Amino acid sequence: MSTPRDEDRLLDHQYDEIQEYDNPTPGWWTWIFVATILWGALYFFNVIPGIGTGKGRVANYESEMAAAKAKYGEAQAPKQASAADAASVLASLHDPAALAAGKEIFTTNCVSCHRADLGGQIGPNLTDDFWIHGNKPQEILTTIVNGVPDKGMPTWSAVLKGDQLAKAAAYVISMHGTHPVAPKEPQGVKLEWAASSEPGASEHAHGMENHENGEKH
Ligand code: HEC
């Protein structure tokens, strides 16, 4: 202020008696400003190696997606449980040790939403005849494997291993027809019980067959 330069020119307007000079921005400032715009454009289009990979935006995106796919495979895509997977569910259903393991897996991971007696809370009642995603062993397994992320059912293949998934599914099937204390209202459609023809299920159904041999209590 004390050393006004030749080109300093006081602008006409003033506000509260404050006035300003019409000084140009310094050259170094202007050039950095221009350089950042240029750099931004090159970065955006990704055409110069060093600033980006130099492949261009689209090719860059595609190669990153291809690399991710190679690394993670199709793991993200919903997976349909195969008939062989379903067979291992049925094998677990007849194997008391596997069922016990299934119960433990269920207790650790599932009771917070489905309750310890499977009567349902956040998730549906798993003991009744009503199913949203089907009640065949293969369908139940598929639901557990993929989850229903939109509805709050986690994708369990991200947490549990293959045989644990099958054991959890077997445990769910084994609990069909039991009577939870305060079951959640039915959700889904009523289905014939596809898996109940398997002996494993009725053994766990709290002796409903006792009526037949007169052992009523
Ligand atoms: C965070 C809560 C939550 C947890 C934990 C959870 N579930 Fe679920 N589950 C749900 C919800 C919500 C649904 C209903 C999804 C829908 O509406 O489509 C569901 C649905 C299901 C179904 C399908 C029921 C039908 O009617 O088709 C099965 C089977 C199931 N869960 C099993 C399990 C198993 C086994 C575990 C543990 C490994 C588990 N769930 C853990 C919330 C949960």
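A residue counts as buried when its relative accessible area is under 20%, as exposed when that area is over 50%, and as partly exposed in between. By this cut-off, Pro137, Ile140, Leu141, Thr142, Thr143, Ile144, Val145 and Asn146 of helix 6 are buried. The model is a predicted one.

**Overall make-up**

- The chain holds 8 helices and 4 strands.
- Read from the N terminus, its elements follow the order β-β-α-α-α-α-α-β-α-α-β-α.
- Buried residues make up 28% of the 217 residues of the chain.
- Taking contacts between residues at least 6 apart in sequence, 59% link residues at least 24 apart.

**Helix 6**

- Helix 6 is largely enclosed by the rest of the structure, because 8 of its 10 residues are buried.
- The cover over these buried residues includes helix 3 (83–93), strand 3 (130–131) and helix 7.

**Iron site**

- His114, through NE2, and Met153, through SD, coordinate the iron atom of the ligand at 2.0 to 2.1 Å.
- The arrangement around the iron atom of the ligand is octahedral, because the 6 donor atoms subtend angles of 87 to 178°.
- Histidine 114 belongs to helix 5 (residues 111–114), while methionine 153 sits in the loop between helix 6 (137–146) and helix 7 (162–174), so the two tie together parts that are 39 residues apart in sequence.
- Histidine 114 counts as buried because its relative accessibility is 9%.

**Helix 1 and the surface**

- A nonpolar patch on the surface is formed by Trp28, Trp29, Trp31, Ile32, Phe33, Val34 and Ile37, which together have about 830 Å² of accessible area.
- One of these residues, tryptophan 31, lies in helix 1 (residues 27–45).
- With a relative accessibility of 63%, tryptophan 31 counts as exposed.
- Tyrosine 43 also lies in helix 1, and its relative accessible area of 48% makes this residue partly exposed.
- Between the C-alpha atoms of tyrosine 43 and arginine 57 there are 9.2 Å, with the two residues 14 apart along the chain.

Terms used: Residues are numbered from 1 along each chain as its sequence is written. This is a predicted model: local features need pLDDT of at least 70, side-chain atom pairs count only at pLDDT 80 or more; totals for chains, interfaces and linings use all residues. Side-chain values use heavy atoms; hydrogens and water are left out. Donors are N, O and S atoms within 2.8 Å of the metal (3.2 Å for Na, K and Ca); water is not among the atoms, so sites may look incomplete. Four donors count as tetrahedral if all angles lie between 85 and 135 degrees; four count as square planar and six as octahedral if opposite donors are over 155 degrees apart and all others between 65 and 115; anything else is irregular. Buried means under 20% relative accessible area, exposed over 50%, partly exposed in between (1.4 Å probe, protein chains only). Patches are made of residues with over 30% relative accessible area and no salt bridge: like charges are joined within 9 Å, nonpolar side chains (Val, Leu, Ile, Met, Phe, Trp, Tyr) within 5 Å. Accessible areas come from the Shrake-Rupley method with a 1.4 Å probe; for residues, only the protein chains shown count as cover. A salt bridge is a side-chain nitrogen of Lys or Arg within 4 Å of a carboxyl oxygen of Asp or Glu. Contact means heavy atoms within 4.5 Å.
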